[in-house]
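User: I would like to go through the terms used for this model one by one. Please set each value against its definition.

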Amino acid sequence: MDEHSTRYTVHGGEKASEPQVKSGLRTAESDSRLTTSLCGIKLNSPILSASGTYGYGKEFSRLYDLSLLGAVVVKGITLNQRAGNPGRRLIETPAGLINSIGLENPGLEGFISQEMPFLREQGVPVIVNISGNTPEEYAALAERLDEEPGVSALEVNISCPNVKQGGMAFGVTCDMAAQVTTIVRSRTNLPMIVKLSPNVTDIAGIAQAVEAEGADCISLINTLLAMAIDIHTRKPLLKNTFGGLSGPAIKPVALRMVWQVAGAIKIPVIGMGGISSWQDAMEFILAGASAIAIGTANFVNPYVVPEIHAGLSKYMEEQGVKNISELVGAARINR
Amino acid sequence: MVNTIAISQARVTEHNFVAPNIKRLALQAPGIARQAQPGQFVNMRCSPTLDPLLRRPFSINRIDPTSGTISVLYKVVGRGTELLANIHRGDSIDVLGPLGTGFELKPQGRKVVLIAGGIGVAPFHPLAEQLVNTGYDVTCLAGARCDEEFAELNDLAELGVEMYCATEDGSRGEQGRVTNLLENTLHKRNFDMAYACGPNAMLAAIKQICGRAQLPLQLSLEEIMACGLGVCLGCTCEKEKENGFLHVCTDGPVVWAEEVKL
């Protein structure tokens with residue numbers, strides 16, 4: 001068996017077709033049972049990439065056709081280029097990963113000139129994740145991206161735990177979250193997704209505050225604030241002391257928060273946090289997520305997106321469901 | 001990264017101890033073997049479970065496009081490699097590669113020196129093979145804590161590499177560190193190009209020594225890594241000449257010494 005012979009089924013329980021292999025690239029047929037829409041954007045599937053785990057799509061485009069995704073959510077962009085955090089950036093934990101990347105990115109104009117030309121060619125909606133040190137920075141990012149061809153929506157990151165100013169600080173109180181939402185809303189007509197931090201006492205309250213200020217969609221969860229200590233040096237392993245925990249370890253917490261938020265607001269929810277299989281993805285959809293995002297699992301299994309796509313297709317087939325949107329929130333009704 | 005990345009459930013064709021705590025794992029992975037260049041790496045899952053979660057990066061230690069096999073050489077040091085050590089011949093393992101930027105294969109001059117610290121010898125066999133085959137004189141200075149921590153010395157010698165070694169306890173070769181061995185060697189001989197792989201402290205010392213000797217130097221770096229593809233931005237080291245970071249998985253693992261702050 002060589003590396004091209006790994007089989008996975010495409011297009012549900014129908015004839016298991018051999019994935020097309022050309023220079024290592026695997027493609028799968030689209031499946032109408034998985035098409036859906038989010039804030040008026042038509043999605044080929046409810047599967048998105050989670051910001052910060054997918055770069056700007058280039059690397060994974062060498063492994064499979066990006067149009068399997070509903071949308072590419074790109075690595076977070078800031079107004080100016082950022083080098084990211086010094087020192088150690090990754091700590092593996094049981095079924096988890098703590099990161100302290102610190103929003104390393106080429107900045108708004110760097111992103112537009114270096115990454116957008118490629119992204120526009122992929123036949124998949126592009127959602128740009130934005131972060132600022134001040135509400136005005138978020139607004140400036142939104143205004144510039146509003147006029148950029150090929151940008152389908154913005155994901156407003158008020159939940160990054162790895163930057164000293166801004167970031168998560170905007171996502172932990174209703175007032176601050178509302179303030180950022182209001183100013184971004186006033187400067188863009190693009191659909192606005194607000195990405196929430198789980199590091200709060202009342203996530204449903206924050207979601208409601210953001211909805212009231214005109215957000216079109218909520219995505220959650222960003223990483224859980226976490227740390228690790230080196231017992232030999234007796235110091236925290238990360239220079240910033242805290243980082244963000246992701247991976248399968250956080251999935252039950254993320255699912256619970258998606259459930260709480262989906263029950264508290266009318267706008268759609270993108271669920272994420274530790275999703276590593278189609279079964280995980282299905283749980284989030286049943287909890288009320290209209291779409292789901294794959295994060296850390298992309299690092300563990302670079303083919304996780306096509307595999308989840310195939311698994312969801314098969315499940316639709318077996319369950320006799322015409323479209324996956326029929327199952328959004330189904331677990332809430334069937335209790 | 002200009003080659004195609006392949007991922008496979010690769011079959012284990014051999015898996016043996018080559019030293020008390022060092023194993024060589026050979027895999028049937030023709031897509032990787034066909035494309036791999038000396039200095040590149042593979043990112044492997046040590047178990048199919050989600051704990052430990054991340055893949056582990058390993059330098060490619062043998063490349064055989066004819067038989068379609070590659071090998072990695074590793075020291076059993078933690079949970080990942082302990083799980084890996086229990087995989088049997090005939091089992092399958094999830095391997096992604098070839099990844100990263102490899103060694104300069106056409107250095108100026110004729111005389112090159114490879115400097116290995118412990119398991120840092122792993123990427124040198126394919127490099128030495130290619131350099132010897134293209135007419136370079138290759139010398140290798142290998143260092144380890146003790147004789148039992150050496151691997152590959154005979155294999156490199158068989159390629160026609162001139163071997164010297166140093167151990168901290170004096171159990172083989174000169175007593176002392178490989179950095180001492182390098183300094184002593186440079187007093188007596190000239191080289192046109194140096195390559196080093198080993199712990200960061202050793203690489204930092206070698207960078208200084210080669211800097212003083214004005215000897216061009218490439219380093220094969222090791223960092224904690226997640227994706228191996230350049231998307232997570234987790235495996236960084238500081239740039240020497242400007243602010244910012246190199247990403248070991250794509251800018252490296254092999255970099256010119258003057259590019260990186262150690």
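Predicted model: local features only at pLDDT ≥ 70, side-chain atom pairs only at ≥ 80, totals over all residues.

User: Why are helix 5 and helix 6 of chain B called roughly parallel to each other?

Analyst: Helix 5 (residues 178–188) and helix 6 (residues 200–212) of chain B pack at an angle of about 10°. Axes are lines fitted to C-alpha atoms, for helices over the stretch in contact, and angles run from 0 to 180 degrees between N-to-C directions. Angles under 35 degrees count as roughly parallel, over 145 as roughly antiparallel, 65 to 115 as roughly perpendicular and the rest as oblique. Helix 5 and helix 6 of chain B are therefore roughly parallel. Their axes are 10 Å apart. Helices (H or I, at least four residues) and strands (E, at least two) are DSSP runs, numbered from the N terminus.

User: Which residues make the contact between helix 5 and helix 6 of chain B?

Analyst: Contact means heavy atoms within 4.5 Å. From helix 5 of chain B come B:Val178, B:Thr179, B:Leu182, B:Glu183 and B:Leu186. On the side of helix 6 of chain B, the residues include B:Met202, B:Ile206 and B:Arg212. By class, this contact of helix 5 with helix 6 of chain B has eight nonpolar, one polar and two charged residues.

User: What makes strand 10 and strand 15 of chain B edge strands?

Analyst: Two strands pair if DSSP finds at least two bridges between them. The open sheet of seven strands in chain B has the order 10-9-8-7-11-12-15, with mixed pairing. Strand 10 (174–175) and strand 15 (254–256) of chain B each pair on one side only.

User: How do you know that strand 8 and strand 9 of chain B pair?

Analyst: The definition asks for at least two bridges; six bridges join strand 8 (residues 137–144) of chain B to strand 9 (residues 162–167) of chain B, and the strands run parallel. One bridge has B:Thr139 with B:Glu162, in strand 9 of chain B, as its partner. Helix 5 of chain B packs on the sheet, touching strand 7, strand 8, strand 9 and strand 10 of chain B, and its direction makes about 145° with that of strand 8 of chain B.

User: What pairing is found in the open sheet of four strands in chain A?

Analyst: The pairing is antiparallel, in the order 7-8-16-13 (chain A). The twist averages 35° from one strand to the next. Strand 7 and strand 8 of chain A pair over four bridges, and A:Ile91 stands opposite A:Ile98 in strand 8 of chain A.

User: What makes a space a cavity and not a pocket?

Analyst: On a 1 Å grid over the protein atoms alone, a cavity is a set of points where a 1.4 Å probe fits but cannot get out. A pocket is an open set with protein on both sides within 12 Å along at least five of seven lines, and lining residues have an atom within 4 Å of a point. Grid points are joined across faces, edges and corners, and a volume is the space filled by probe spheres set on the points.

The structure holds three cavities of 30 Å³ or more. The largest cavity has a volume of about 470 Å³ and is lined by 34 residues, with A:Ser51, A:Thr53, A:Asn99, A:Asn222 and A:Thr223 nearest its centre. Its lining divides into 15 nonpolar, 17 polar and two charged residues.

The second largest pocket has a volume of about 700 Å³. Its 27 lining residues include A:Glu104 and B:His247, and they divide into nine nonpolar, nine polar and nine charged. Strand 14 of chain B gives the largest share of this lining, three residues.

User: Which peptide bonds are called cis, and at what omega?

Analyst: The bond from B:Gly97 to B:Pro98 is cis, with omega near -5°, and B:Pro98 is found in strand 6 (residues 92–99) of chain B. The bond from B:Gly252 to B:Pro253 is also cis, with omega near 10°; B:Pro253 lies in the loop between strand 14 and strand 15 of chain B.

Technical notes. Residues numbered from 1 in each chain as written. Chains lettered and ligands numbered in written order. Heavy atoms only, no water. Nonpolar A, V, L, I, M, F, W, Y, C, P; charged D, E, K, R; others polar.
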